[in-house]
Amino acid sequence: MITIERLKKSFDDTPVLKSIDLQVNKGEVVCLVGASGSGKTTLLRCLNLLETPDEGRIKIGDKEVSFGEKPISKKDIKDIRKYSGMVFQGFHLFPHMTLLENITQAPLTAKQQEKDVIMKEAEVLLEKVGLSEHQDKYPDALSGGQQQRAAIARALMMHPEVMLFDEPTSALDPQLVREVLKVIESLAKDGQTMVIVTHEMHFARRIADKAFFMDDGYIVEEGPADQVLANPKEDRTREFLALLEDE
Amino acid sequence: MFDTFRNIRWEYLFDLELAIDSLPFLLQGLQNTMIIALFSMVIALLLGIVIGIARMSKYAVFHLPARLYISFMRGTPLLVFVFILFYGLPVIGIEFNNALVAAIVGVSLNFAGYNAEVVRSAILSVPKGQWEAAATLQMDYFQTLRKIIIPQATRIALPPTFNIFMDVVKGTSLASVITVQELLYSSRLVAGRTYDSMTMYISAALIYWMVCIVIGFFQERLEVRYNRYLSN
């Protein structure tokens, strides 16, 4: 589903990704873990070209793009984004729209389906994330957990092959984390391919098939989530996990 | 100093009878004032949106002319600009057959420069995450602008835009110097005839004030509407 080869990215003169190779298969749930500044969010944002890599290659679905030789085209960006949906740390719901409008805006704009099909689908999805009764409220009137669940529904409305999660629970109060994780977990059960940047280690171990530990712009360790997050081979992974335990 | 105050002739401050008698005549002038103001608001707003968006373009063909336009319009007095249009252009063979049209062109082109800056700053104040969320939902630039950014920017732009609208109303008074018979021109006619400048210009001031109060009322209504999605 996703293949990344020798991906590099710098901001000004600061290298953030220093040659990343990574593979995600269809139906897999993959977690990216690591300290702040290790490059995991940047890596995730490269997957839908919110950041443009400097070098390397990304293949996602049937679309393949190489970076560094010539500038990428608008069409490349458009084609790549077709395959993924993204959930942000800060939700980024559209504040001037009700929940229902939030999740139907993009599919209605794209006009891939009839309006009544889209509305029916929105109803089903809102039910699934437990927000049916709030569909006519504005985001500002909802809790962070509700907003994030709505943001997940919004991304799902475009039928992405891959869902990208950028620290989806980091901006939430502790008691709201669970309701969001439960929704993500139910997607995993449905076989949705997902790449999740997270600091929730227990959650990652429970639902992820694979884990990648990143440090200083490299993937330091990768393997089955249980192994990487419970019995890491690398010292740096062990140190990082020990730090989290202390908290 | 005290003599100056002692010599004030309060009885000439405001001749209510004259004011009421000349009101119909002033309101006739107000018609032209409102024609210039309303046309100019609409044109300046639309033009300001286009120029403001062009100013933010990464392409020099768009942002350089927009910058130049904004700089010139903000950097020149409206009165001078109107003189160029009405007295200057005929010298090179371009003549407005109607001073009213010249006034509308002058006021709207000038205030479009200010509107462009309001539009730009309002759009920039919408968080970057909104653009990114729309991008990941496969919306293109203009779809995002129209559906996501402009509705939110509008809320932010309302107060400064209405400041400009009030300036437009007051700016129309400059049309009086290019022979348009608007509110100020009419007041001056009566003042010249009756020698009661104080009453006539206070009357004009009060009428401008009333118009701006009405505009302020619309502003409040719109603000309520555009703030509805914010809890408290």
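Predicted model: local features only at pLDDT ≥ 70, side-chain atom pairs only at ≥ 80, totals over all residues.

User: Which residues make the contact, and what is the hand of the crossing of α2(B) and α7(B)?

Analyst: α2(B) passes α7(B) in a right-handed crossing. From α2(B) come B:Ala37, B:Ser40, B:Met41 and B:Ala44. From α7(B) come B:Phe165, B:Val168 and B:Val169.

User: What makes up this contact by class?

Analyst: The contact of α2(B) with α7(B) has six nonpolar residues, one polar and no charged ones. B:Ser40 is among the contact residues of α2(B).

User: How do you know that α2(B) is oblique to α5(B)?

Analyst: Helix α2 (residues 16-55) of chain B and helix α5 (residues 99-124) of chain B pack at about 40 degrees. Roughly parallel requires an angle under 35 degrees, and roughly perpendicular starts at 65. The angle of about 40 degrees therefore makes α2(B) oblique to α5(B). Their axes are 6 Å apart. This crossing of α2(B) past α5(B) is right-handed. The contact of α2(B) with α5(B) holds 19 nonpolar, six polar and three charged residues.

User: What does UniProt list along chain B, and how helical is the model there?

Analyst: An unreviewed UniProt entry places "transmembrane region" at residues 34-54, 66-89 and 198-218 of chain B. Residues 34-54 of chain B are 100% helix and 0% strand, with end C-alpha atoms 29 Å apart. Residues 198-218 of chain B are also 100% helix and 0% strand. Their end C-alpha atoms are 31 Å apart. "Domain: ABC transmembrane type-1" is listed, in an unreviewed entry, for residues 30-219 of chain B. That span is 81% helix and 0% strand, and its end C-alpha atoms lie 21 Å apart.

User: What makes β6 and β10 of chain A edge strands?

Analyst: The open sheet has six strands in the order β6-β7-β8-β3-β9-β10 (chain A). β6 (84-87) and β10 (218-224) of chain A each have a single partner strand, so one side of each is left without a neighbour in the sheet. Pairing in this sheet is mixed. Neighbouring strands are turned by 15 degrees against each other on average, direction ignored.

User: How do you know that β6(A) and β7(A) pair?

Analyst: Pairing needs at least two bridges. Four bridges join β6(A) to β7 (residues 162-166) of chain A, and the two run parallel. In one of these strands, β7(A), A:Met163 is the bridge partner of A:Gly85.

User: Which helix lies across β3, β6, β7, β8 and β9 of chain A?

Analyst: Helix α1 (residues 40-47) of chain A does, running at about 145 degrees to β8(A).

User: How many residues of each chain are in contact, and what makes up the side of chain B?

Analyst: Contact is set at C-beta atoms within 7 Å. By that test, 17 residues of chain B are in contact with 20 residues of chain A. α6 (128-136) and α7 (141-171) of chain B each give two or more residues to this side. α6(B) has the largest share, six residues. By class, the side of chain B has eight nonpolar, seven polar and two charged residues.

Terms used. Residues numbered from 1 in each chain as written. Chains lettered and ligands numbered in written order. Axes fitted to C-alpha atoms, helices over the stretch in contact; angles between N-to-C directions. Parallel < 35°, antiparallel > 145°, perpendicular 65-115°, else oblique. Left-handed = near helix turned anticlockwise from the far one by under 90°. Nonpolar A, V, L, I, M, F, W, Y, C, P; charged D, E, K, R; others polar. UniProt positions renumbered as here; feature names shortened; annotations may be inferred. Contact = placed C-beta atoms within 7 Å.
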